[in-house]
Amino acid sequence: MCDAMLEAARGSAPYADVEAAGLAAVAPEDVMPGVRELVDDVRVEVLFGDGPRLVVLIDPLGAGRPASIDGPGAVMPVDDGSAAVASGDGGSAAAADGDPAWMLPPATLERRSLVVENTSRRVVRISSHYPFERVNPRLVFDRAQAAGFHLDLPAGSSERWSPGDSKEVRLVRYARDGHETEGHGAKRHGAKGHGAKGHGAKGHGAKRHRAAGDRADRANHANRGGRPDEEPDT
Amino acid sequence: MSARHLSPTEWRARFGPRAGDRIRLGDTDLWIRVERDLQAPGDEPIWGYAKNLRLRMVQVPTAGPSELDSVVVGAVIVDPLLGVLKADIGIKDGRIVGVGRAGSPDVSEGIDLPIGPHTVPVSGYGLIATPGGVDSHMHTIGPALMPAALSGGMTTLISAGFDEPPASMERTVRGLEGFPINIGLQANARSMADADLDILLAAGAVGFKMHEDYGAYPELIDHTLAYADTHDVSVSLHTDGLHESAELEDTVAAIAGRTVHAYHVEGSGGGHVPDLLGLVREANVICSSTTPTIPWGVTAGDETVAMTVLNHGASFGVGEDLELIRERLHPLTMAAEGPLHELGAIQIVNSDSQGMGRIMESFRRAIQLAHVMKAWRTTDAGRGHRGLPADGPTDGSADAGDDNLRVLRYLAKVTIEPAITHGISGHVGTLSPGRLADIVLWKPAFFGIKPESILKGGHPAWAPLGEGNATVERAEPTRYASEWAGMAHAAPSVSLLFVSGAADAAALRRKLDTGRTIVAAAGLRGLTRASLALNRATAPIEVDPRDGRVTLAGRSLAVEPVADLPLNRRYLLR
C-alpha cells in the first residue's frame, strides 16, 4: 500500500489519487480472513510536488464492508438494553432523546436546566466539564444557578452555540465528595488551599476504590519478594 | 431537551469497552469480560481538544503530595492478581501507587489517584494493560536477544546459568546497562565448596542453576540446595538425562522436599529420559516448560534434533552424538505438556532463549496454549480429568461466555508465577500497587503478540515507532525501537538489577558502575506450588519409563499436535 502511494505521488498524481492507489493496492481477498481487523489505518508520508504530505488510509482493507462483529480484537457489547439505541448509531441525533444514562454522571446527582443565549458574533462551544458559571461572558444565562454545575454530557463532548443561538441545556452538579455548596468558581480556583484539602495523600473515597489493590495484597500471599522499602541500596 | 452526543459505538470508540463487554483476544477463541469499571462514570479523564483533562476540570489546580507522575487512563487491566477490570493506573517514582479512579476530587467522587499539573496522561482507552512479562529461563547469549524480548512484551529476565565467571557476569551486566529491562543472573553451581558459591553471590548472582552439561548429580543438588537455604537464593535445575548419576527417583530424593525450579519438564530440553515430567508430582518442585513445544505442534519434533546438536556441544558428524540426542525426543511427554499446564501442574512458561527457545514468544506461546487447551477441554481426551480448574468469570458467577479465569491462569505463567518463584514479586509480575510500573499496552487484536507500547518504570520505553520526520507518530515504516526511557543513558534509571541478599549492593554498584537500582530477591526458600497465584496443582501422573506415555488416574493424558495456531500467520510474514 505504501509503495503504491509513494509511486503514485512520484508520478505526480493528486492527493486523492494517491489515496486511491493505496486503497487499490491490496484487495480484501488478497489477505487472510481476519487481517482486515488488524489494520485500523495505514499512515505514510509521501512526496508530492510541494513536499512531503501525510496520507492516512482508514480501514484500508474494509472495502466498505461492515466490520465483522467477532473478528480479531472484537468488542462484544454487554446486553444492557441499550441495543435499541445502538441501532441508531450514525443516525441523526434528532432520532434519540439524549445520551444513555450510563455515559453520564450518576443519576443521583442534582440536575438543572438553564436557557443559555449566545450573544457573541462567533461560535462558542462549551465542553463537558468546564465550570459552567465561568463560561464565556457572552453566553447569557442565570449564572448563580450554574455555580457548582457543569454540562450533563458524556466526558469530552461539547455543546455548540451559533451566534444568536438560545437553547436550554441540562447541567449536573459536580460529583465531588461532600457536595460542597460552595461554588466551583473563581474563589475556589485560587491556587491556595486547594490541594491540601482535596487531593492530599488521604484521597477521598480511597476506602472504596482501593478495592483493586487490597484484593491483590490479599491474594498475593507470596508478596515476600523484598518490598521496595527493603532495597539494600537505593 | 438534550440531544444525543454519543452513540454506544461512539462512546466505545472514545473510551473503549465498558463493564460487561467482552473482548476477543487477537484471533484466538479466548474472550475476556470486563468485570468492573473503577473509573468515575461520566467523569472519565480524557486528554485532547475539547476534552476534560485540563485545569478547572479533572486536573487538580495545584500539585499535592500525592500527585502522580503519570497515569494510564481507562485501559482494561488484565492482571493475574487484580483480575479483568477497567481502571486508571497511577504511577509515581517509577512504581504503581494505585489502581483505581483518577481525576480531581473537586470534580468527582471517590478519586484516589489525583491528576496534578505535572501528571502526564497515557491514554489506555481501547487498550489492554498487562504486567510486563517475566522470562525465568533465558540465556544471555547476546545483545540481539534484548530488542526481541521487549518486542514480545518481556521486561524482566532471569538467566538460566552459564553466566559465570564473575568477570563474564560483569561484562554481561555492563553490556545490558542500556536496555530497559530488569535482569537477574543465575550462575551455574559447579562445585560443592561453599566458597565457590560465595564468589558467585558476591559477583551479583541472583541464584544458581544446575545443569547436566556441568553435572547435576545428587550430591551436588543436595549441597546447592543446602547452601541456597542458608542464603535465600533460587535454584534452577536441568536434571541428569543420561542417568549417569541419578534417575528421577534419585533426583527427587536429593531435592528432599526443598524448593527448586525445574526447567523444561516436558523433557525435550533435556533431563531424565523419558520421565522427567514425573516432577509434576512434587509440590516443592516448581515446574516450567519452554517455548518450542508450547503448544505442541506437528513440526515440533522436526526441529529438535538440529536444535539440540547446535546447543549442546554435539556434532552432526558424530553418530554417537546424534543417537544420544534422538533418544531425548519424546512425543508422548510433549503431548502431555499442554494438559499439565491446563491442570496448573506445570506453573511457568519461559523461553530458553537461544539455548533451545525463542525469547520473543513466551507471552504469545502462553496465550496460544490457553487457546489450544480450551478446545482440548471439549474433546473426549480432555473431558473429566480430576483437578481440571474451573473456567469462566473470576467471580464464579454463571457462565457469562468469557474465559477470564483461563486467560489469567495462563498470563500468570509468564508474569506472577515466575516472579514469585524467583523472589521478585514485590517488584514485578503484577500491576498491584507497589510494583514497578512495567506495563505492556496491547491493542486487543494484537494481544500476546505485538505490544502497542511498553512502559518501563512508568515511562514509554519501547514501541513500534515510525519515520522521524513525519508529522505524526507511527508513520510507516514502523519498527520496534526505543522510546526515551529505552535509550542507553535513561534505561538504567527505569531498570533493576536483581541480586541476592548476600551481595554487598554498594560494592557491586561501584564495581559494575551501574545506574540501575540494585534489589535483592528474597523469600525464596520454602516456596511450594501453594505459594503461587493461580497454578498451584500437583498431578499424580504415571510416566511409562519405556516410551514416556503419560497417564493420570489410569487415563491417557494427551493432546493432539496442532497444525494451525492463532497469533501466527495473520500477524507475521516470514
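**Note on a predicted two-chain model**

1. Of the 574 residues of chain B, 62% count as buried; a residue is buried if 20 or more other C-beta atoms lie within 10 Å of its own, exposed if 12 or fewer, and partly exposed in between, with C-beta atoms placed from the backbone. The model is a predicted one, in which local features need pLDDT of at least 70 and side-chain atom pairs count only at pLDDT 80 or more, while totals for chains, interfaces and linings use all residues. Residues are numbered from 1 along each chain as its sequence is written, and chains are lettered from A and ligands numbered from 1 in the order in which they are written.

2. The pLDDT is the predictor's confidence in each residue, from 0 to 100. Chain B has a mean pLDDT of 96, with 98% of its residues at 70 or more. For chain A the mean is 78, and 68% of its residues reach 70 or more. Over residues 83-95 of chain A the pLDDT is below 50, and this stretch has 15 contacts in the model beyond near neighbours in sequence; two residues are in contact if their C-beta atoms, placed from the backbone, lie within 7 Å. Residues 178-234 of chain A also have a pLDDT under 50, and the model gives them 128 contacts beyond four places in sequence. Where pLDDT is low, the predicted coordinates should not be read in detail. For the complex, the predictor gives an ipTM of 0.91 and a pTM of 0.92.

3. The overall form of chain B may be described next. A compact globule of 574 residues would have a radius of gyration near 25 Å, and the 24 Å of chain B agrees with this. The radius is taken over C-alpha atoms, and the globule rule is 2.2 Å times the number of residues to the power 0.38. Along the principal axes, the C-alpha atoms of chain B fill a box of roughly 80 × 60 × 45 Å. Chain B contains 13 helices and 28 strands; helices (H or I, at least four residues) and strands (E, at least two) are DSSP runs, numbered from the N terminus. Of the contacts in chain B with a separation of 6 or more, 70% are between residues 24 or more positions apart.

4. Chain B is assigned domain 1 (8-126) and domain 2 (132-419 + 528-556), the bounds coming from an automatic or database domain assignment. The C-alpha centres of these two domains of chain B are 36 Å apart. Contact between them involves 14 residues of domain 1 of chain B and 21 residues of domain 2 of chain B. On the side of domain 1 of chain B that touches domain 2 of chain B, S2 and S5 of chain B each supply at least two residues. The largest share of that side, three residues, comes from S2(B).

5. Helix H11 (residues 404-412) of chain B is mostly covered, since eight of its nine residues are buried. Among them are Val407(B), Leu408(B) and Tyr410(B), together with the charged-side-chain names Arg406(B) and Arg409(B). The buried residues of H11(B) pack against several elements of chain B, including strand S10 (128-131), helix H10 (362-376) and helix H12 (416-421).

6. Met57(B) lies in the loop between strand S3 (36-37) and strand S4 (70-79) of chain B. Met57(B) is buried because 24 other C-beta atoms lie within 10 Å. Leaving aside neighbours within four places in sequence, Met57(B) is in contact with His129(A) and Tyr130(A) of chain A, and with Asn52(B) and Val107(B) of chain B.

7. In chain A, domain 1 (2-58) and domain 2 (100-173) are assigned, and 42 Å separate their centres, taken over C-alpha atoms. The buried residues of helix H1 (residues 2-10) of chain A are Met5(A), Ala8(A) and Ala9(A). Seen down the axis of H1(A), these buried residues fall within an arc of 95°, so they line one face of the helix; the arc is that of the directions from the helix axis to the C-beta atoms. The face turned away from the buried side of H1(A) carries the exposed residues Asp3(A) and Arg10(A).

8. Asn136(A) lies in the loop between strand S5 (124-127) and strand S6 (139-140) of chain A. Asn136(A) is partly exposed, with 14 other C-beta atoms within 10 Å. Beyond residues up to four places away in sequence, Asn136(A) touches Ser120(A) and Val124(A).
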